[in-house]
Amino acid sequence: MARGARLLLVIALLAALLAVVLQLYRLRKPRLWTVEELSVYNGTDEGLPILLGILGSVFDVTKGRSHYGPGGGYHHFAGRDASRAFVSGNFTGDGLTDSLQGLSSSEVNSIVDWRKFYFERYIFAGKLIGRYYDSQGNPTKYLKGVEVKAKRGAQLLEKQKSEEAKVPSCNSKWSQQEGGEVWCDTGYPRLVRRPGDIALTGQVSQRCACFQEDELNKPGLVVYEGCDHLSKSCKVN
């Protein structure tokens with residue numbers, strides 16, 4: 001190969017290498033993204049990093065390509081902000097959205113916890129212009145509202161844990177052959193409404209807790225169907 005041709009080849013290789021380095025630098029340096037720009041980094045092009053958004057924060061998740069790339073269990077998050085899906089489990093159509101409308105404070109708090117996870121495990125690549133950040137990269141009123149709601153959810157969850165700690169939970173086991181069973185080492189099993197559930201999740205649920213005999217007349221305590229009033233263990237479906 002002639003000396004001039006070799007020189008041109010070296011220059012071309014250096015130019016290509018410089019282009020890759022500049023591309024990586026741009027991605028490592030936090031910046032503002034549009035929805036259209038983010039959609040390109042969805043893992044379908046192996047020559048590009050994989051990015052995802054959550055609550056408007058963009059992260060480089062390339063090191064998890066096996067999970068976020070095509071065929072991976074989390075590929076539906078790549079190249080978009082699908083914040084809602086982190087708690088809804090709806091990974092199709094309207095479920096892949098950044099809107100949190102109608103979610104409970106507990107669910108919003110879970111999404112904020114997911115954002116914390118990405119800050120801790122992956123590279124922060126910038127902010128997504130739209131619902132959560134304006135064109136200058138400033139937090140929107142929507143994001144501030146989400147964070148207030150999440151904080152409220154965290155406070156309610158701690159309050160619920162504190163209240164439930166006052167009355168021990170039942171022991172439980174389940175097998176396909178024998179079904180389920182709950183029991184108390186001390187006290188008697190009763191179904192009781194979980195405090196704060198309406199505010200946390202928008203729904204009412206119950207848990208099994210152990211009450212002493214002199215507490216069994218408290219309002220709201222429910223005996224398991226088919227279980228004796230003073231039985232320390234009950235079969236459950």
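Strands here are DSSP runs of E with at least two residues, helices are runs of H or I with at least four residues, and both are numbered from the N terminus. This is a predicted model, in which local features need pLDDT of at least 70 and side-chain atom pairs count only at pLDDT 80 or more, while totals for chains, interfaces and linings use all residues. Residues are numbered from 1 along each chain as its sequence is written, and side-chain values use heavy atoms, leaving out hydrogens and water.

Two strands pair if DSSP finds at least two bridges between them.

| Partner of β3 | Sense and bridges | Residues that stand opposite |
|---|---|---|
| β2 (residues 51-54) | antiparallel, four bridges | Leu51 and Asp60 |

Now to the cores, which are sets of buried Ala, Val, Leu, Ile, Met, Phe, Trp, Tyr and Cys residues joined through side-chain atoms within 4.5 Å. The largest nonpolar core has 25 residues, and Leu52, Ile54, Leu55, Val61, Leu100 and Tyr118 have the most contacts inside it. Two or more residues of this core come from each of β2, α4 (85-88), α5 (105-121) and α6 (141-165), with α5 giving the largest share, four residues. Beyond its neighbours within four places in sequence, Val61 is in contact with Ile50, Leu52, Tyr68, Tyr118 and Tyr122 (heavy atoms within 4.5 Å). A second, separate core has nine residues, including Val182, Cys208, Cys210 and Cys234.

Note on methods
Buried means under 20% relative accessible area, exposed over 50%, partly exposed in between (1.4 Å probe, protein chains only).
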